[in-house]
Amino acid sequence: MPWLVIGLWLVLAAGMVPLSGKLSSVTTDSAVDTLPASAESTKVAVLENSLPDGDNNTFVFVYHRVGGMTAADRTTVERHYNTLAKRYPPTAAAGEDDEGSPTSLSTDRKAMMFTLEVSTTYGAPEDIVGLLRDAAKDRPSGLELDVTGPGAIDGDMDAVFDGIDVQVLLTTIAVVTLLLILTYRSPVLWIIPLLAVGAAALTSMGTVYLLVKGFGIVVNDQNSALLTILVFGVGTDYALLLIARYREALHHHENVRVAMVHALRGAAPAIVASAATVVAGLLCLLVADLNSTSGLGPIGAAGILCALVAMLTLFPAVLVVLGRRIFWPAIPRLGTAVEEKPGLWGRLGTAISRRRWVATLGSLGVLGVLALGLAGNTGALREQDQFLSAPESVTGFTVLRQHFPELGGQPMTIFTRPAYQERVLDIAKDTRGVALAIPEQTSGGWANISVFPKDAPDTAAEYDTIKRVRTAVHAVSGAEAIVGGPSAENLDTEVTTKRDEKLVIPLVLAVVLIVLGLLLRAVLAPLVLMATVIVSFAAAFGGSVFVFDTILGFKGVDYSVPLLAFLFLVALGVDYNIFLASRAREETVRLGTTEGMLKALSATGGVITSAGLVLAATFAVLVTLPLVMLVEVGFLVAFGVLLDALLVRSVLVPALTLLIGRRIWWPSRLSRPAAKLPNGQQPLAGDEEPALQR
């Protein structure tokens, strides 16, 4: 039977290898794909793409010299424009209304600029921006150039994600390998869970590719990286829990197959419940309007399910085939189990039992202090502030605003019916916050107007201007005016995300609560566990904001971080409570609530802490990437997982359980002292072990 399972997995892996390699070919970060079709900026982008020059990328060349532009500088700028315009000629529709010189001199005479529209037929922004910068290197000494604009920002952003999947995969493998070696102190045992998790990751990528092709799910580069992190982190956690039970069973059973059956009986229910919780939480994302957020639901769920199946089939099969020798040099022998000693977790449990109120209030005090960090800078992070090291496209915007304040913001695009163009243009010009409005081309039954806001891109002031422009032009009856553009897309994304949070967060809480209730067959215990997870999330978020703001100097929190962090910390954080509480319920049947919880803490403390360290380390891999959003997600989730594993699950949950006593299992039979327990035993008197309280 084990060989049959291994053979089936080899066949599956052979089929998934070519499919997994195609996942990167279906990822997209396009606003049209990410935003819902109902968003106004999406409608503008779709309409723009349908026009003759709608697939153009806009690049802005900003030349500047501290002492002022010289005649040679001006000649160079004109020459560069002529050369680039010939190399990347505009379409007839884009150029037919052009008037005057394409280059502009700033009023302080220290800078010149021109705009270049480059069709996507010449390549993606990532490929074009480098060629444009190279083509303009020939210039007088002291004449500086920054190539910026929406196309350049997209290109620099794409460059950050270039090869990110491979980087995340290799770094994650290295981190997990190191932690497994340190955990097992065996030269060979660490290889088995790593191979099983690798097979799960390979299968998950192939599965996600099929989901994208079959159902049109949106996968962006961020979600692709998170898929790898989830599978390796969760899969390794499952391996640690199963190996702990298997090692224990080997001391009581000679036959390794029998030992594995007992190990699976003990570990599988908690592992399945854990996976069900995470999958249920992820699928709640399907109600989100933002396509990239809703797409993460089935993507992540597929990864978790692949990890679950691999760690409950392939992993046990390989362990059984290799036998006891895989644990060398510490091979577990039949009947040689070491006599139980209190150990670190046993001593911790005794201390908590003696000082229950101190442990409870002390834990809540630490979490409360960390939560105070939420008073820090939780404002939305601008797109230009997403980079750890500002690229040329970002610094170029600063230079552009310095010398051309009227062009310092990202332009809005207004589409209106041609008969209403003049009226809409006048209204846009008169709107507070607008610096300049320019009529463009007319094509396909639509007139195009470019509107430049006075304020910097992606600021609250610029967003207010976009809202005012939209309100003003929408009031023109019959114009059918719509407002889009890069900043409008970011605004719509932020608004959609906030709306999604109000839908997804309550749904996740309800679903996870139901799963806990079914697992523990109680009402009060799930409510207590859920409350501790929520408090833990607030503390992790507050502590992380303090680090982001005070230590790392980030200029805000990316709009996607709160929802992603909440989902992962609630779904994954509950895992450790599931592992502890399910074991506590199992032991309560024999020992009573107090002794049952102490036994569960002693038995699971080491393995759950190891699992928490592995999961935190895998998410911490994101901190090595050069994008602020990924650093924030990685740090927040890693910190939250450690906080949950080391404080909430180790101290707060046991302390609360001991304080509440058998009532924690209400309304199940375990909460009633007079009722017989499922195995026919009578519960311990009072179920509180008075000797431990003294």
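Biologist: Why is the sulfur of C284 in this predicted model too far from the closest cysteine sulfur for a bond?

Modeller: The closest cysteine sulfur, in C306, is 20 Å away. A disulfide requires two cysteine sulfur atoms within 2.5 Å, so C284 and C306 do not meet the rule.

Biologist: Why is C284 called buried?

Modeller: The relative accessible area of C284 is 4%. Buried means under 20%, and therefore C284 is classed as buried.

Biologist: What makes C306 count as buried?

Modeller: C306 has a relative accessibility of 11%. That value is also under the limit of 20%, so C306 counts as buried.

Biologist: How do you know that strand β1 is mostly covered?

Modeller: Strand β1 spans residues 56-64, and eight of its nine residues are buried.

Biologist: Why are β1 and strand β3 said to pair?

Modeller: Pairing requires at least two bridges between two strands. Nine bridges join β1 to β3 (residues 111-119), so they pair, and the sense is antiparallel. Within this pairing, F59 stands opposite L116 in β3.

Biologist: What makes β1 and strand β4 a pair?

Modeller: Five bridges join β1 to β4 (residues 144-148), and the two run antiparallel. The requirement is at least two bridges, so β1 and β4 pair. In β4, D146 is the bridge partner of V62.

Terms used: Residues are numbered from 1 along each chain as its sequence is written. This is a predicted model: local features need pLDDT of at least 70, side-chain atom pairs count only at pLDDT 80 or more; totals for chains, interfaces and linings use all residues. Side-chain values use heavy atoms; hydrogens and water are left out. Buried means under 20% relative accessible area, exposed over 50%, partly exposed in between (1.4 Å probe, protein chains only). Helices (H or I, at least four residues) and strands (E, at least two) are DSSP runs, numbered from the N terminus.
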